[in-house]
Amino acid sequence: MGPEGEQVGVVRIDVALRLAQEADLDLVEVSPNSNPPVVKVMDYGKFKYEAAQKAKEARKNQANTILKEVRFRLKIDTHDYETKRKRAESFLKAGDKVKAMILFRGREQSRPEQGVRLLQRFAEDVAEYGVVEFTPMIDGRNMVMIIAPLKSKAEAKAQAVKTSKKAQVSEPAEVETPAEKPAAKTTKEKEVKNA
């Protein structure tokens, strides 16, 4: 293959090397196992650089979903429950999975149906941001349920970047105003101060 990607055809090695030297490029073997071997005239340094840039860009856009954990007790107060729910919603908005766990102590272990009800209520409350991946199941002294986000980590990351750029653009530059002189005290304020 030639420097612009055109087909040159089957040529001898010395002719191919001469073509590469005339174009001031490299002769790169693309498919050594074929018969005859396929070679391409290209700038190998530029090719390697562009491949590295593509790999770097792919790594930058890659997002790993993390499993975050929210722990409950069976007898949880409403305010504590709301705090845990809001925390789980923030995890789901960020594109992470949430592991909701109820810790049973003592006699609470004999009432797993209350734990199921609590986790189902939790799943209904965060249904706007995520969907139940694994239903509640008992794991020793704990009951566990996993909720997956509705949007992937990459989508959440892209949306966060987009909203932060909009916020930067919409904020007007602060204009400094000259400091005003403090107002003179009235005679009444002076009398109160002296008294």
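Colleague: In what order do the elements of the protein chain run from the N terminus on?
Modeller: The order is α-β-β-α-β-α-β-α-β-β-α-α, where helices (H or I, at least four residues) and strands (E, at least two) are DSSP runs numbered from the N terminus. This is a predicted model, in which local features need pLDDT of at least 70, side-chain atom pairs count only at pLDDT 80 or more, and totals for chains, interfaces and linings use all residues. Residues are numbered from 1 along each chain as its sequence is written, and side-chain values use heavy atoms, with hydrogens and water left out.

Colleague: Which residues have the most contacts inside the largest nonpolar core?
Modeller: They are Phe72, Ile102, Phe122 and Met145, in a core of 19 residues. Such a core is a set of buried (under 20% relative accessible area, 1.4 Å probe, protein chains only) Ala, Val, Leu, Ile, Met, Phe, Trp, Tyr and Cys residues joined through side-chain atoms within 4.5 Å.

Colleague: And which elements supply at least two residues each?
Modeller: Strand S3 (67-73), H3, strand S4 (97-103), H4 and strand S6 (142-149) do.

Colleague: What does Phe122 contact, leaving aside its neighbours within four places in sequence?
Modeller: Phe122 is in contact (heavy atoms within 4.5 Å) with Phe72, Tyr81, Lys84, Arg85, Ala88, Ala100, Met145 and Ile147.

Colleague: Changing topic, how many of the chain's residues count as buried?
Modeller: Of its 195 residues, 21% do.

Conventions. Buried < 20%, exposed > 50% of the residue type's maximum accessible area, 1.4 Å probe, protein only.
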